[in-house]
Amino acid sequence: MLESLWREDFTLHSLNALRQYWQEGESYTFRRSPRPQHGLMLLTGGETLYETRAGERLHARRGDLVYLSKGAGYTARFVNVTARPYSLLVNFQLTNARGEDVSGGGEVTLLPLRGAEAEAPMRRLVDLYYDPDYAPAEMKGRLYELICLASRRLSGKSGVPPELAAAFEWMSAHPRAPVSELAARCALSESAFRKRFGQYAGVSPSEYRIARQIEQAARLLRAGSAGVEEIARSVGFEDVNYFCRAFKKRMGMTALEYRKQSDLC
């Protein structure tokens, strides 16, 4: 169902979002009563082992984005918990052009989006939901964009607009490249580039870059013993204090706390 959704006229409603704080070995189940909503779950602090009623198994790891369809029956167990919040979840209802409810066929699907590409829009969606000035239309618009991107990827389409392809390629090799340079490589004015980038990624170029930098820093913290300041500078942060604030905001704990929890697993 999801792979064809980007070509269809559909409506999202009844949105809600959660920051989830699971413990090691904890689990929940939708085996007896099917899932009442569709959901997108981003794993930010561990791994999840899914087993469906049909006996199918799925192992989702930190950084993965998982689609949980309405009507799905499964058990989820949380392992290798290393950070809080453990996951970010956005729930929603979905109807087709005729106003009919779309169940989703009971799917539990690992989506071909991960890292900053999934994390930045998911964090933005959850932040929007908890914002005191909650704007349902803005949250819904960003969720449409994320679902359509995931749908296009599942269908075999890249999803990256051709006019932005050069920017994403350049960012992979030059993470500190300024927005003006990225815009020039796409032959767009800076204002046009920012607008089209936001429409595609759901966040600004700066927010997307920071998410990628934090993702890289988390890998370095798990992999070695380099100091926080050294890691911050190696991923592109000149201001270590700013890095520490950004890391805690996105990972739910300080860089040192994250390393200690990773060492325990």
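Guide: Strand β4 (residues 47–52) pairs with β7 in the antiparallel sense over six bridges, where strands are DSSP runs of E of at least two residues, numbered from the N terminus, and two strands pair if DSSP finds at least two bridges between them. Within this pairing, glutamate 47 stands opposite valine 79 of β7. Strand β7 (residues 74–79) also pairs with strand β2 (residues 27–29), again in the antiparallel sense, over three bridges, and here serine 27 has arginine 77 in β7 as its bridge partner. This is a predicted model, in which local features need pLDDT of at least 70 and side-chain atom pairs count only at pLDDT 80 or more, whereas totals for chains, interfaces and linings use all residues. Residues are numbered from 1 along each chain as its sequence is written, and side-chain values use heavy atoms, with hydrogens and water left out.

Glutamine 20 counts as buried because its relative accessibility is 10%, buried meaning under 20% relative accessible area with a 1.4 Å probe and protein chains only. Its side chain makes a polar contact with the side chain of tryptophan 22 at 3.3 Å (a pair of N or O atoms within 3.5 Å; within protein, one must be able to donate a hydrogen and the other to accept it, and residues adjacent in sequence count only if both atoms are side-chain atoms). Leaving aside residues up to four places away in sequence, glutamine 20 touches Met41, Pro85, Tyr86, Ser87 and Leu89, contact meaning heavy atoms within 4.5 Å.

Definitions and conventions: Helices (H or I, at least four residues) and strands (E, at least two) are DSSP runs, numbered from the N terminus. Buried means under 20% relative accessible area, exposed over 50%, partly exposed in between (1.4 Å probe, protein chains only).
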